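Have the structure open and follow along.

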Amino acid sequence: MDGDRRLFRRAGYDTQTDAQGDLDKVRALLNIADEDDQDGRARLGDLLAMVSASKEQIPDYDETKRKFGTGQSLTQHMTVADWLDLWLVGKKGLRKSGRDRYELDIRCHLRPRVGHIRIDRLTVPHLDAMFEGIAETNIEITEANATRRAAVAELKTIPWKGGENRARRKAMREAIDAMQPFRRITGPSTQQHIRATLRAALNTAIARGSITFNAAQHVELAAAKRPKAMVWIDERIAEWLRTGAERGRGVDPRAGGRVPRLPRRLPAPAAAAVPPDHVPRSAPW
């Protein structure tokens, strides 16, 4: 190999045509840099020396030319985790709440599940597998929460008096302490945000020439449904006064713990149907 006189050696070809084909590829890669670009030719030489030593396939010409033209390393491959860290550091205008949310998505989901993959080799199947893994973890969390909840409920039924009961309560508490703590599942809304975080990071990588394909753009997820707000009508107010006056919050148990609230934009007749004196003082708005 010209330049600093390093040799590119490769054996095991079945035919001379195959060997000549690889030789042409090596020459094409070297010619990406101009003859007077010594630094550029040295970078390409380092790439070919690494390929020769590791017995890897000769790099793709178009991909190598793109990386060379954008000043990227030709011998070091960036992983998804590496890029996400760099991307987040570069988001100078983020508010703390937005940065914390991005950091949570990266730390808890993206880095553990796809962080080891080279960013230029990340595919839609990789991300499908990631979200399938999240769904499996959700099942495990739900089952663990149910087991712990059942144990806590059983503990409450054991009387305090009596030596036998105290021993049972102690054994039950030890069993509960050994269980996983209550955890929240990663619901549809959070999964959508995880995808949005990765999609934004990969879009920046595309803009900088690091990759050409955004796998997160093509992942299909279940739509996240927001709970519908309920209007404070007389029946719900009465129920709230009867059962929901806890720490100043108005919770309707029949509505699955949702807080009935007056929508911000109601047609005039609907808003008029809720007189101000019917709104509890501790209503949550």
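A crossing of two helices is called right-handed when the near helix is turned clockwise from the far one by less than a right angle, and left-handed when the turn is anticlockwise. Keep that in mind while looking at this model, which is a predicted one.

Start with helix 2 (residues 38-54), which passes helix 3 (residues 61-69) in a right-handed crossing. Their axes cross at roughly 135° and come within 12 Å. Angles over 145 degrees would count as roughly antiparallel, so helix 2 and helix 3 end up oblique to each other. Who does the touching? On the helix 2 side, Gly 40, Arg 43, Leu 44 and Leu 47 make the contact, and helix 3 brings Thr 64, Lys 67 and Phe 68. Sorted by class, that contact of helix 2 with helix 3 holds three nonpolar, two polar and two charged residues.

Now jump to helix 6, which runs over residues 124-157. Helix 6 counts 34 residues, and from its first C-alpha to its last it reaches 50 Å, close to the 50 Å expected at 1.5 Å a residue.

Helix 6 packs with helix 7 (residues 163-178) at an angle of about 160°, their axes 10 Å apart. That angle makes helix 6 roughly antiparallel to helix 7. The crossing here is left-handed. Helix 6 makes this contact through Arg 148, Ala 151, Val 152, Glu 154 and Leu 155, while helix 7 uses Arg 169, Met 172, Arg 173 and Ile 176. By class, the contact of helix 6 with helix 7 comes to five nonpolar and four charged residues, with no polar ones.

Next, which residues of helix 6 are buried? They are Val 124, Leu 127, Met 130, Phe 131, Gly 133, Ile 134, Asn 138, Ile 141, Asn 145, Arg 148, Ala 151 and Leu 155. The buried residues of helix 6 pack against helix 5 (96-114), helix 7 and helix 8 (188-207).

Zoom in on one of them, Asn 138, which lies in helix 6. Its relative accessibility is 11%, and buried means under 20%, so Asn 138 counts as buried. What does Asn 138 touch, not counting residues up to four places away in sequence? Its contacts are Ile 185, Thr 186 and Gln 191.

Methods: Residues numbered from 1 in each chain as written. Predicted model: local features only at pLDDT ≥ 70, side-chain atom pairs only at ≥ 80, totals over all residues. Heavy atoms only, no water. Axes fitted to C-alpha atoms, helices over the stretch in contact; angles between N-to-C directions. Helix = DSSP H or I, 4+ residues; strand = E, 2+ residues; numbered from the N terminus. Parallel < 35°, antiparallel > 145°, perpendicular 65-115°, else oblique. Contact = heavy atoms within 4.5 Å. Nonpolar A, V, L, I, M, F, W, Y, C, P; charged D, E, K, R; others polar. Expected span 1.5 Å × (residues − 1). Buried < 20%, exposed > 50% of the residue type's maximum accessible area, 1.4 Å probe, protein only.
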